[in-house]
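Student: I have a chain on screen and want to read it step by step. Can we start with the overall build and then move to details?

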Amino acid sequence: MGAGFDVGAQGRCREILRPGGGRSSVGLEFAYRPSWKGISVTSSDSFATPGEPPSEIDTSVPHSARIWNYWLGGKDNYPIDQLIGNQVRDTYPDIVFAAQASRHYLARAVRYLAGEAGIRQFLDVGTGLPTADNTHEIAQRQAPECRIAYVDNDPLVLVHANALLTSTPEGACAYIEADLKDPDTILSAAAGTLDLSRPVALILNGIMGHVADTAEAHGIVRRLLDGLPSGSYLSLSDGTDTSEASVQAHDEYNESGAVPYNLRSPEEIAGFFDGLELVEPGVVPFTGWRPDPDPFGSQQEIDGYAGVGRKP
Ligand SMILES: C[S@@+](CC[C@H](N)C(=O)[O-])C[C@H]1O[C@@H](n2cnc3c(N)ncnc32)[C@H](O)[C@@H]1O
């Protein structure tokens, strides 16, 4: 692994916001010998590395954004991420398809929101590492004036944030370093880029599983939506406990030292949309949400559900 996306593209860098103030310092130290369940990554193992990581990035512990990037074919991941990514994939080979299908869902949802729904503002929390088609690129292809605030708490995402800030001149992009569990900070920082008196699409793609307790997770989404006006939308997708292999693979992932990821039932995913008007076809496996025409008529089963809802 190693070939992947070039995240070095420079664009119009609007701003990187750290609600606590300040900017990240980037040092150069690289010393790790990751291991998991007695399997060590040694200097003779052939894992790809993206180069010397900044000192604030811990490459001895696997990380969600970097493992996700590995499954998506990106290069911004380290041997420990590749080790755990391979272990999970061995137990659950469909994880790679699921990661890709989740990104494809995101693209269709953003296309719908900026197109048919006429949304011009996006708040994308749990952005992940920049990849082939980021939210602002999809939205601004529909309407160049779209404004996007990205939010993540991973220092590596911050390092690559310039690739998320290549806004059209008519629109705007900002990156906010903040925690999902602090919705008030997210909303007040987002207000620097978005007009929160006008509709916003809240994007939560593959992040809510990082909140273990379902009631707490539902509460965070409600608090974020409370800060957005009528006519705003929620687009949410997440992994589900709908197959044994998926559950077993996530159990293994959760033992790896990475911040745990919790699968939910389709009904619990649907609960995020309580009080919203669901857009057709509702909360469904994410390959089935307004799929693009498939000349082969194939649609693989998937352990992940997604939906789009409108705040009345
Ligand atoms: C599985 S990745 C999904 C990335 C992207 N949304 C996508 O669909 O490709 C989860 C992302 O959520 C971020 N994340 C995890 N916990 C978070 C938290 N408490 N606050 C903010 N971001 C978080 C991770 O850093 C990672 O970038």
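Student: How many helices and strands are there in the chain?
Tutor: This is a predicted model. Both kinds of element occur in the chain, and the count is 9 helices and 11 strands.

Student: What share of the chain do buried residues make up?
Tutor: A residue counts as buried if 20 or more other C-beta atoms lie within 10 Å of its own. The chain has 312 residues. The buried share is 47%.

Student: Which residues of α7 are buried, and how are they arranged around the helix?
Tutor: Helix α7 covers residues 214-226. Its buried residues are A217, I220, V221, L224 and L225. Residues three or four places apart in an α-helix point the same way, because there are 3.6 residues a turn. Seen down the axis of α7, the buried residues fall within an arc of 135°, so they line one face.

Student: What do the buried residues of α7 pack against?
Tutor: The partners include one helix, α6 (183-190). The strands β7 (201-205) and β8 (233-239) are also partners. In short: α6, β7 and β8.

Student: Which residues come nearest to the ligand?
Tutor: There are 20 residues around the ligand. They divide into 6 nonpolar, 9 polar and 5 charged. Helices α1 (64-71) and α3 (95-114) each supply at least two of the shell residues. Nearest come A65, G126, G128, D154 and N205.

Terms used:
Residues numbered from 1 in each chain as written. Predicted model: local features only at pLDDT ≥ 70, side-chain atom pairs only at ≥ 80, totals over all residues. Near = placed C-beta within 6 Å. Helix = DSSP H or I, 4+ residues; strand = E, 2+ residues; numbered from the N terminus. Nonpolar A, V, L, I, M, F, W, Y, C, P; charged D, E, K, R; others polar. Expected span 1.5 Å × (residues − 1). Buried ≥ 20, exposed ≤ 12 C-beta atoms within 10 Å, placed from the backbone. Arc of directions from axis to C-beta. Contact = placed C-beta atoms within 7 Å.
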